[in-house]
Amino acid sequence: MSDHATDQALSERIRAGDKSACAECIEIHSPAIYRLALRMLGDETEAEDVTQETFLNAFKSIDSFEWRAGLQTWLHRIAYNNVLMRLRKPRRETVSVEDLAENEGLIETPRQLLDWCCLPEAEYATTEARAELARALNELPEKLRAVFVLRDLEGHSTEETATILAISTVAVKTRLHRARLALREQLADYFSEMTHPQES
Amino acid sequence: MEHHDCRHLLGDLSEYLDGDASALVCAEIERHLADCAKCRVVVDTLRKTVLLYHDQPKPEFSEPARARLYRALDLQNFFVPKS
């Protein structure tokens, strides 16, 4: 059965009130939904809450499921909207979602020009290095982080990412590039110091 | 970055690394890289950045969290613990 046919069959069973179909849907999709929420929010409890809200919302509104987009994409879109609602709560101190819109097409000139690719592989896998990777990701503006998480960490296509985030494929490509360049700058600050202690 | 071409090619580097750039753009970038050490650093470290994130272990949805999800959705009768 094709993915579309599987999605359609599963959604029809959920629509008909088949709880085992809901359980199947959870088994297939909950790990990725949780990862998206965790990487966007940086908090396990909030990510778990978003995962619960996403499936509650999805099962309640299964009649509006657009099967052409795919169940996974539809669920991710619901999850992302739930994430955004939490990110827009005033207590969070992050880069404003609106700030980015004005500079959508701007690609900043690379600042870090030291080569840090020559470290032994073990240096990139230390607990400290992993924490640095996580910190750099968390510091990305939300719109860039969402695209990077969906495209580079979760492996969604440009088109799927555009559907989940309700943006154009051109915006996905631009934001992905900006996200990668921004992460490169952040990681360069950390790894260059290990490679060129006097120069960085 | 000093050359005029550096700035000009910067916007295409992700598509180049992903293998999605046109043959024309690839040739232009490779011609420039052969002559520009600073851009080679940018390309190499950009590629390394993406690889490092690809190699990160994926966060796991824990078994207790999975059980709580089933309970929240009133589906606890369908919860099958993973061995």
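From the N terminus on, chain A runs α-α-α-α-α-α-α-α-α-α, where helices (H or I, at least four residues) and strands (E, at least two) are DSSP runs numbered from the N terminus. This is a predicted model, in which local features need pLDDT of at least 70 and side-chain atom pairs count only at pLDDT 80 or more, while totals for chains, interfaces and linings use all residues. Residues are numbered from 1 along each chain as its sequence is written, and chains are lettered from A and ligands numbered from 1 in the order in which they are written.

## Exercise 1: the two chains

Turn next to burial, for which a residue is buried if 20 or more other C-beta atoms, placed from the backbone, lie within 10 Å of its own, exposed if 12 or fewer, and partly exposed in between. Of the 200 residues in chain A, 41% are buried, and of the 83 residues of chain B, 18% are buried.

Then take the contacts, where two residues are in contact if their C-beta atoms, placed from the backbone, lie within 7 Å. Among contacts in chain A between residues at least 6 apart in sequence, 71% join residues at least 24 apart; for chain B, residues 24 or more positions apart account for 36% of the contacts with a separation of 6 or more.

Finally, consider the dimensions of chain B, whose C-alpha atoms fill a box of roughly 65 × 20 × 20 Å along the principal axes.

## Exercise 2: the domains of chain A

Work out which elements and residue classes form the side of domain 1 of chain A that touches domain 2 of chain A.

The bounds, which come from an automatic or database domain assignment, are 3-87 for domain 1 and 97-195 for domain 2 of chain A. The C-alpha centres of these two domains of chain A lie 26 Å apart, and their contact takes 12 residues from domain 1 and 12 residues from domain 2. On the side of domain 1, the elements that give two or more residues are α2 (19-41) and α4 (71-87) of chain A.

For the classes, Ala, Val, Leu, Ile, Met, Phe, Trp, Tyr, Cys and Pro count as nonpolar, Asp, Glu, Lys and Arg as charged, and the others, Gly among them, as polar. This side of domain 1 of chain A then has 6 nonpolar, 3 polar and 3 charged residues.
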